[in-house]
Amino acid sequence: MLVAYVPAFVAAAASFAVPGAVVGVRAQVLSAALTVHFLKRILEVLFIHQYSGSMPLNTAATISSSYLVITATMIYAQHLAAGLPDPPVDLLYPGVAAFAVGIAGNFYHHYLLSQLRNAAGGSGGGERQYRIPTGGLFGLAACPHYLFEIVGFFGFAMIAQTAHALAVASGTAAYLAGRSCATRRWYESKFEDFPDSIKALVPYIL
């Protein structure tokens, strides 16, 4: 997973060192937010997540390339927009707030999942025991960590206020919504008593 996240982190952090690449407050905040986002993911890989298996290198390379391209193109799109008039409605600071909520909520629910794996013997050599996650918004949605990830990506879109960043956020939302529905179906197949009240992604709605 480090292979997946490190290149995007390096690209976001290095953008500050490229002359003329990050011009203006909006571009600086976007690059900083992307840097923080992937730094968090790296730290989670090192200290939070526990993985039950390995990922093929070609899969990791594909994910890594996707994150790298998304990061580089968001920064580049912001560079191209530097000379354009300011948006009529400035969403920079609401975007920062959305990003902060997204990254904090995502981290918190990742931490809860890691504690669940600890309790279930996720790092041991015995047979894995699956449990229904609890705590936070897990009592209302199967994948609240995906919900907060989506909030964070729309934070990027609000900070950037470019069509490209909005497209990235929308694509991420669609992908994670699909994964959330698949995860909820897996829970239903694994646990006969899985509550109907727990939605896939958005509490009470989806």
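This is a predicted model: local features need pLDDT of at least 70, side-chain atom pairs count only at pLDDT 80 or more; totals for chains, interfaces and linings use all residues.

Residues are numbered from 1 along each chain as its sequence is written, and side-chain values use heavy atoms, with hydrogens and water left out.

Let's start with helix 3, residues 57-80. When I say helix, I mean a DSSP run of H or I with at least four residues, numbered from the N terminus. How far should the 24 residues of helix 3 span? At 1.5 Å a residue they should span 34 Å, and the end C-alpha atoms are 34 Å apart, so the two agree. The expected span here is 1.5 Å times one less than the number of residues. Helix 6, residues 163-190, has 28 residues and reaches 40 Å from first C-alpha to last, close to the 40 Å expected.

Now, which sides of these helices are hidden? Buried means under 20% relative accessible area, exposed means over 50%, and partly exposed is in between, with a 1.4 Å probe and protein chains only. In helix 3 the buried residues include Tyr67, Met74 and Gln78. Their cover includes helix 1, helix 2, helix 5 and helix 6. In helix 6, Leu176, Arg184 and Tyr187 are among the buried ones, and the buried residues of helix 6 pack against helix 3 and helix 5. Contact here means heavy atoms within 4.5 Å.

On to the core. A nonpolar core is a set of buried Ala, Val, Leu, Ile, Met, Phe, Trp, Tyr and Cys residues joined through side-chain atoms within 4.5 Å. The largest one has 24 residues, and Tyr5, Leu34 and Phe156 touch the most other members. Helix 1, helix 2, helix 3, helix 4, helix 5 and helix 6 each give two or more residues to this core. The largest share, six residues, comes from helix 2.

What about empty space? Rolling a probe the size of a water molecule over the atoms shows where it is left. On a 1 Å grid over the protein atoms alone, a cavity is a set of points where a 1.4 Å probe fits but cannot get out; lining residues have an atom within 4 Å of a point. Grid points are joined across faces, edges and corners, and a volume is the space filled by probe spheres set on the points. The whole structure has one cavity of 30 Å³ or more, and the largest cavity holds about 60 Å³. Its lining includes His37, Phe99, Glu149 and Gly152. Helix 4 gives the largest share of that lining, four residues.

Let's stay with Gly152, which sits in helix 5. Is Gly152 buried or exposed? Gly152 is buried, with a relative accessible area of 7%. Leaving out residues up to four places away in sequence, Gly152 touches Ala98, Phe99 and Gly102.

Last, two residues with positive phi. Gln161, in the loop between helix 5 and helix 6, has a phi near 55 degrees without being a glycine. Gln161 is partly exposed, at 25% relative accessible area. Tyr204, in the segment after helix 6, has a positive phi of about 70 degrees and is not a glycine either. Tyr204 is exposed, at 65%.

Technical notes: On a 1 Å grid over the protein atoms alone, a cavity is a set of points where a 1.4 Å probe fits but cannot get out, and a pocket is an open set with protein on both sides within 12 Å along at least five of seven lines; lining residues have an atom within 4 Å of a point.
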